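Please read these notes alongside the sequence and the coordinates.

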Amino acid sequence: MPDHAPRAADQAAAVAGLATAVVVLVAGFALIGVGVAGAGGAVAGIVVAVLLTAAGYAWCDRLALSAMLARPVSEVEQPELYRLVRELSKAGRLPVPRLFMSPADQPNSFTVGRGPRTATVCCTEGLLRVLDEAELRGVLGHELAHVSGHDILASSMSAGLATLITSPARLPRLARPGSRLGRAESLLLLVVFGPIAAVLVRLAVSPEREYRADATAALLTGDPVALSSALRKADAGAAELPLPSDGRRLSVGHLMFVDPFRPQGVARLFATHPPAAERVRRLEALAGYRR
């Protein structure tokens with residue numbers, strides 16, 4: 001695992017980004033309140049922002065897992081997954097996280113939680129199908145690196161806030177399931193609320209977190225080549241099987257191992273992942289490859 005000084009710097013940067021996002025949220029709601037009802041509206045706006053922040057903190061993990069339709073997975077179902085996670089957690093001196101599985105065919109994974117003792121690692125069924133054991137170990141090492149790097153609070157809470165902010169976009173579809181009008185209204189609301197959520201995510205989450213997690217995982221597993229191979233497979237799978245870019249999934253996309261969306265429309269506003277090719281290049285450089 002990395003030295004304590006870089007880890008503390010990473011944690012401070014994550015907290016600073018999250019704090020900036022919360023300040024922007026509170027200020028934005030206060031300004032909206034002033035525009036609607038003057039000074040009294042500003043107070044109401046601040047109260048709403050504080051309540052949203054508290055809800056995002058309390059429910060961030062449940063909101064993210066729900067967006068991916070994830071469920072707890074037992075050791076009976078996935079003994080190898082449990083074995084790998086236990087081995088890596090022991091090597092990293094971390095508590096063993098909860099394990100969930102999403103039915104998505106896209107090969108991907110993410111970690112959510114407020115800290116090491118509340119962390120949950122979620123893998124998609126697609127990921128478990130396409131990776132071999134060494135590659136899966138690398139991806140799990142990457143997810144645990146987010147836990148050891150203490151950046152999951154910022155990424156998880158920003159996901160929770162973004163999910164709550166974009167939730168109005170779901171209402172027309174729920175009111176008119178299968179209706180073209182419902183889909184059109186949902187898209188319009190997503191265009192309105194999506195950029196606000198995207199600003200919060202981009203303030204709280206830096207692309208550098210993925211580079212740091214890759215490097216930490218390479219040290220933890222001792223196999224940067226396997227992680228780079230997993231990254232290639234996951235990125236190709238995400239391009240072939242992109243997730244639908246609705247508000248709930250867009251709000252948690254930054255948590256994923258690779259960007260799960262097509263780079264178009266509102267999804268581009270939420271993009272925080274660095275280029276997969278650059279991540280692969282850096283991992284191969286750690287293994288001594290030259291280009």
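1. A salt bridge here is a side-chain nitrogen of Lys or Arg within 4 Å of a carboxyl oxygen of Asp or Glu. Arg281 and Glu278 form such a pair, with their closest N and O atoms 2.8 Å apart. The model is a predicted one, in which local features need pLDDT of at least 70 and side-chain atom pairs count only at pLDDT 80 or more, while totals for chains, interfaces and linings use all residues. Residues are numbered from 1 along each chain as its sequence is written, and side-chain values use heavy atoms, with hydrogens and water left out.

2. Both Arg281 and Glu278 belong to helix H11, three residues apart, about one turn of the helix. Helices (H or I, at least four residues) and strands (E, at least two) are DSSP runs numbered from the N terminus. Arg281 is partly exposed because its relative accessible area is 37%; the classes are buried under 20%, exposed over 50% and partly exposed in between, with a 1.4 Å probe and protein chains only. Glu278, at 22%, also counts as partly exposed. Elsewhere, salt bridges that share partners join Glu80, Arg83, Glu87, Glu133 and Arg137 into one network.

3. Arg137 has 22% relative accessibility and is partly exposed; Glu133 is partly exposed at 43%.

4. How many salt bridges does a search of the whole structure find? The search gives 19. One of them pairs Arg86 with Glu75, with the closest N and O atoms 2.8 Å apart. This pair links distant parts of the chain: Arg86 is in helix H2 (residues 79-92), and Glu75 is eleven residues away in the loop between strand S1 (71-72) and H2.

5. Helix H9 (residues 224-240) has 17 residues and reaches 24 Å from first to last C-alpha, close to the 24 Å expected at 1.5 Å a residue; the expected span is 1.5 Å times one less than the number of residues. Its buried residues include Leu227, Leu231 and Gly237. The buried residues of H9 pack against helices H4 (133-148), H8 (208-221) and H11 (276-286), contact meaning heavy atoms within 4.5 Å.

6. Val24, Val199 and Leu203 make a nonpolar surface patch of about 200 Å². Patches take residues with over 30% relative accessible area and no salt bridge, joining like charges within 9 Å and nonpolar side chains (Val, Leu, Ile, Met, Phe, Trp, Tyr) within 5 Å. Areas come from the Shrake-Rupley method with a 1.4 Å probe, and for residues only the protein chains shown count as cover. Val199 lies in helix H7 (residues 180-204) and is partly exposed at 42% relative accessibility.
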